[in-house]
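Let's take a friendly walk through one protein model, stopping at a few places where its parts meet.

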Amino acid sequence: MRPLASVTPPATRITRVALAVLAALSVLTACGGSPAADSTVGQSNGNGAKGTVTIRIPDPGNAGVLARGKKDGSLDKALAAVGAKVAWTGSAGPFAPAAQAMNADQLDIATGSITSGITSLSQSPGFAFFTATAPDPVGEGILVREGSDIDSVEDLVGRKVAVNKGGTGEYLLLKALAKAGVPADKVERVYLRPDQTAAVFNAGQVDAWAVWSTYAVAEIGAGKAHFVADGTAIGSDNYSLNAVRSGFATEHPEVVKALYAYLHDNSAKEKKDPAAYLNVFTDAGPTAVDGKAKEVQISFTGKGGTVDPIRPGDIKRFETVAQFYADQKVTPNKVDIAAHLIDIEKLS
């Protein structure tokens with residue numbers, strides 16, 4: 001998925017929060033030498049102390065709430081009110097390397113799907129989730145090429161499907177197969193990084209691609225592919241979440257709350273006017289969307305969710321995904337995701 005809202009986003013979800021097709025490990029490679037989380041510059045931090053808190057967030061690229069906030073200065077203003085400022089660190093990309101960066105105290109905020117979050121939580125996490133964006137009903141699913149003889153999930157039997165291991169792609173495929181009553185071992189999973197999959201997919205080396213809007217928009221917009229099953233048809237519980245480094249949330253709760261408020265308010269504005277959050281810095285080049293792809297992206301975003309607090313009903317669905325991953329042997333056991341959630345409305 002889907003970028004912070006925007007840190008992949010995910011997802012339409014990631015696109016809403018950080019639309020850019022970027023190197024999968026760029027978060028890690030670009031994080032070295034970033035500012036410390038508490039850098040003193042002689043200003044008030046909102047609590048009467050000297051110093052400005054620096055919050056490290058992956059660069060949002062050319063689209064989404066954070067991209068627009070970076071350009072127009074509104075994010076700087078919102079954070080300055082609580083004595084904080086942003087250090088754009090690396091690029092928004094897959095959650096797994098971002099989680100590693102948070103664990104290594106190289107990053108403070110990241111975005112990812114609940115599915116990639118669960119697999120990352122199974123490995124001594126140093127982060128927690130503080131927002132939820134509802135599963136994408138139309139921007140994720142099982143993508144097949146135009147002209148393919150695959151007309152249903154059942155037609156995937158004996159075929160090769162590209163997925164990102166342990167993340168949104170693997171979840172969508174396994175969930176679709178389970179709903180259709182197709183044993184998972186009847187379909188070959190081909191594990192690929194999402195930023196490397198388009199060429200393989202278009203060359204016909206795989207028959208389908210379980211994917212989200214960050215990568216699906218270009219294929220659908222170019223008239224080369226369509227979803228044989230989207231998030232609604234699959235019954236996806238693949239939320240997009242924003243994560244914060246645990247130490248940062250403990251030390252600077254007022255900054256996390258201010259960031260949440262900014263993301264919540266502006267994701268609602270983006271949903272109402274998606275076009276205003278596309279091509280924020282440039283309308284040309286590889287990070288820009290135009291033509292039919294732009295129409296597709298606007299449609300996906302308008303039908304998507306907003307950045308909200310994590311509610312009890314959301315937690316139940318998270319736990320369902322965690323149990324599904326354990327049942328499918330994606331994780332060795334059920335991850336206790338509830339232990340790694342923050343109630344943003346009670347954070348203090």
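## Rings that meet

Two rings of Phe, Tyr or Trp count as a pair if their centres lie within 6.5 Å, and for Trp the six-membered ring is used. Please remember that you are looking at a predicted model. Ring pairs link Phe201, Trp209, Trp212 and Tyr215 into a cluster. Inside this group, Trp212 and Tyr215 have ring centres 5.4 Å apart and planes at 85°, so they make an edge-to-face pair. Trp212 is buried at 5% relative accessibility, and Tyr215 is buried too, at 10%. Phe201, another member of the cluster, has a charged neighbour: the charged end of Arg145 sits over its ring, 5.3 Å from the centre.

How many aromatic pairs does a search of the whole structure find? The count is 9. One of them joins Tyr171 and Tyr325 in a tilted arrangement, with 6.2 Å from centre to centre and 55° between the planes. Tyr171 belongs to helix H7 (residues 168-180) and Tyr325 to helix H14 (residues 312-327), so this pair ties together parts that are 154 residues apart in sequence. Are these two residues buried or exposed? Tyr171 is buried, at 1% relative accessibility, and Tyr325 is buried at 0%.

## Helix H14 and its neighbours

Now follow H14 along its length. This helix has 16 residues and reaches 23 Å from its first C-alpha to its last, close to the 22 Å expected at 1.5 Å a residue. Its buried residues are Asp314, Phe318, Val321, Ala322, Phe324, Tyr325 and Ala326.

What do the buried residues of H14 pack against? Their partners are helix H6 (114-121), strand S5 (127-133), H7 and strand S11 (240-245). Phe324, one of the buried residues, also has a charged residue over its ring: Lys175 lies over the face of Phe324, at 5.7 Å from the ring centre. After H14 comes Lys329, with a positive phi near 65°.

## A sheet of three strands

Next, look for the open sheet, where 3 strands lie in the order S4-S11-S5 with antiparallel pairing. Strand S4 (109-113) and S5 are the edge strands, each pairing on one side only. From one strand to the next, the twist averages 30°. S5 and S11 are joined by 6 bridges, and Thr133 stands opposite Ser240 in S11. Helix H12 (residues 253-272) packs on this sheet and touches S4, S5 and S11, with its direction at about 20° to that of S5.

S4 and S11 are joined by 5 bridges, and here Gly112 stands opposite Leu241 in S11. Which way do the residues of S4 point? Ile109, Thr111 and Ser113 point one way, Ala110 and Gly112 point the other way, and all of them are buried.

Helix H9 (residues 213-221) has 8 of its 9 residues buried, so the rest of the structure largely encloses it. The buried ones are Ser213, Thr214, Tyr215, Ala216, Val217, Glu219, Ile220 and Gly221. Just after H9, Gly223 takes a positive phi of about 75°.

Finally, look at the backbone itself. Most residues other than glycine have a negative phi. Asp105 has a positive phi, near 60°, without being a glycine. This residue lies in the loop between helix H5 (95-103) and S4. With a relative accessible area of 43%, Asp105 is partly exposed.

Asn279 is another non-glycine residue with a positive phi, at about 50°. Where is Asn279 placed? You will find Asn279 in the loop between H12 and helix H13 (291-303). Being buried means having under 20% relative accessible area, so Asn279 counts as buried at 16%.

Key. Residues are numbered from 1 along each chain as its sequence is written. This is a predicted model: local features need pLDDT of at least 70, side-chain atom pairs count only at pLDDT 80 or more; totals for chains, interfaces and linings use all residues. Side-chain values use heavy atoms; hydrogens and water are left out. Rings of Phe, Tyr and Trp (its six-membered ring) pair if their centres lie within 6.5 Å; planes under 30 degrees apart count as stacked, over 60 as edge-to-face and the rest as tilted. Helices (H or I, at least four residues) and strands (E, at least two) are DSSP runs, numbered from the N terminus. Buried means under 20% relative accessible area, exposed over 50%, partly exposed in between (1.4 Å probe, protein chains only). A charge sits over a ring if NZ of Lys or CZ of Arg is within 6 Å of the ring centre and within 35 degrees of the ring normal. The expected span of a helix is 1.5 Å times one less than its number of residues. Contact means heavy atoms within 4.5 Å. Two strands pair if DSSP finds at least two bridges between them. Axes are lines fitted to C-alpha atoms, for helices over the stretch in contact, and angles run from 0 to 180 degrees between N-to-C directions.
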